Structures are given as C-alpha cells and as structure tokens.
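Let's take a walk through this structure together. Keep the sequence beside the 3D view as you read.

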Amino acid sequence: PTELISQGHAVCIGGGVGRLGRGATGDVQRIAASDGILRTVAGRYPQTSQVAGSAFYRPNTFGDVDGVAVDETAGVIYVSETTGNRIHVVTPVAPDDPRTWTIATLVGAAGVGFANGTLATARLREPAGLLFDATARILYVADRGNHAVRAIDVDGGTVTTIAGIGATLGYFGDGLAATDALLYAPQALTCLLYTSPSPRDRTR
C-alpha cells in the first residue's frame with residue numbers, strides 16, 4: 001500500500017518501530033517493521049476539547065511536533081510540542097491500541113522562556129529536535145527559540161544548558177567551551193551534534 005506523508009519533521013527508530021513527528025500537522029505516527037502499516041498514535045485532532053490525559057485525543061490547539069525520541073528501557077516516547085514550548089512524555093499503556101496511550105508534560109508547564117532548574121520550573125522556547133541517551137538517561141533538546149541545547153535528566157528531574165548562551169543568538173565560539181559558544185536556532189540533534197537552519201546552515 002502507498003501512504004502519503006506530509007510535514008515529516010522528525011523521526012526516531014527503536015525496537016523495530018519507526019516514529020514520525022509531523023511538524024505543523026501536530027501529530028505522531030508509528031510504523032512497525034512487522035506489518036509496515038502507518039498509524040497515528042498521538043497528537044492533534046479536529047476537536048474543541050481533549051480527552052483528559054489521552055495522547056491520541058489532543059485538542060485542536062495542540063502545537064507543532066518537531067521532535068520525537070524513544071526510551072526503550074522505560075517504554076515511553078518523548079515529543080516536542082514546539083509551538084507550545086513544551087516536552088511531553090507519551091506512555092503506550094496497551095502498545096497495540098493508541099487510544100489507551102497517555103500523555104503528560106515533562107518540561108514546560110511553567111511557561112515559555114529560558115530557565116534551568118527542575119522539570120516543573122524550567123522553561124523552553126520552541127523546542128525542536130530530540131535525542132535520548134539511553135546510557136546516561138539524558139534527553140537532549142534543540143531549544144531552537146533560545147539558541148541553545150538543553151539536557152533533561154529524566155531520572156534526576158533537572159534541566160541544564162550544555163551548549164549556547166540562553167536567549168542569545170549568533171555564530172561564535174568554535175574551540176571554546178560549549179556553554180560559551182553562540183548558536184543560531186538549532187533544529188536537530190544526532191550523536192550529540194546539532195544542525196542550525198538558515199540563514200547559517202551549519203553543523204557543529
């Protein structure tokens with residue numbers, strides 16, 4: 001069968017399953033190697049109210065999804081709601097039935113901005129690409145609007161900045177400590193590298 005996909009902004013693979021974050025479409029899709037069928041498992045639907053705690057039934061105000069990562073040990077999926085300035089954790093209660101999956105805000109409940117601290121008090125601005133380090137149990141975030149890379153210790157419950165000077169954009173600092181360098185709207189992460197979109201178009 002042929003599936004048409006629009007707004008494919010992020011992808012992660014784990015456990016024989018691919019997961020696709022679809023940008024302005026505001027949802028997450030899943031495709032398993034076992035059957036090759038594409039299914040929507042979380043995100044925005046044309047409705048005015050959500051089903052409380054349900055990942056599958058989000059309101060039509062749910063934002064763009066520009067980042068997705070999987071924690072195979074905990075069995076959860078991390079999702080960047082970029083225009084909502086939040087990171088969510090999706091828990092597949094019954095893996096084969098997305099209507100049972102739950103969602104909760106991991107970081108961003110305090111509102112938009114730039115702040116390190118606990119999961120409850122830290123602030124992000126347009127979080128985009130995600131990368132999960134299963135060994136260190138760290139979720140890395142391309143905090144696009146703050147021109148920084150953030151590190152979420154999912155077990156310790158803290159958020160720190162590991163690259164960039166929060167809320168300060170630019171291109172400067174090769175050879176310096178990462179926290180003394182300037183970044184320009186980092187969009188994606190892979191193997192602890194980040195890529196910056198136009199107008200700079202650089203990978204560091």
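At 11% relative accessibility, A185 counts as buried, where buried means under 20% relative accessible area, exposed over 50%, and partly exposed in between, using a 1.4 Å probe and protein chains only. You will find A185 in the loop between β13 and β14; strands (E, at least two residues) and helices (H or I, at least four) are DSSP runs, numbered from the N terminus. Look at its backbone too: the phi of A185 is near 50°, a positive value in a residue other than glycine.

Before going on, a word on the ground rules: this is a predicted model, in which local features need pLDDT of at least 70 and side-chain atom pairs count only at pLDDT 80 or more, while totals for chains, interfaces and linings use all residues. Residues are numbered from 1 along each chain as its sequence is written, and side-chain values use heavy atoms, with hydrogens and water left out.

Now turn to A167, which lies in the loop between β13 (158-163) and β14 (188-190). A167 is not a glycine, yet it has a positive phi of about 65°. Is A167 buried or exposed? Its relative accessibility is 52%, so A167 counts as exposed.

Next come the aromatic rings. Rings of Phe, Tyr and Trp (its six-membered ring) pair if their centres lie within 6.5 Å; planes under 30 degrees apart count as stacked, over 60 as edge-to-face and the rest as tilted. By this rule there are two aromatic pairs. The ring centres of F56 and Y57 are 4.9 Å apart and their planes stand at 85°, so this pair is edge-to-face. F56 is buried, with a relative accessible area of 8%, whereas Y57 is partly exposed at 26%.

The other pair joins Y78 and F132: their ring centres are 5.6 Å apart and their planes lie at 35°, so the pair is tilted. Because Y78 sits in strand β6 (residues 76-81) and F132 in strand β10 (residues 127-133), the pair ties together parts that are 54 residues apart in sequence. Y78 counts as buried at 4% relative accessibility, and F132 counts as buried at 13%.

Finally, step back to the whole protein. It has zero helices and 16 strands, and of its 204 residues, 47% count as buried. Among contacts (heavy atoms within 4.5 Å) between residues at least 6 apart in sequence, 34% join residues at least 24 apart.
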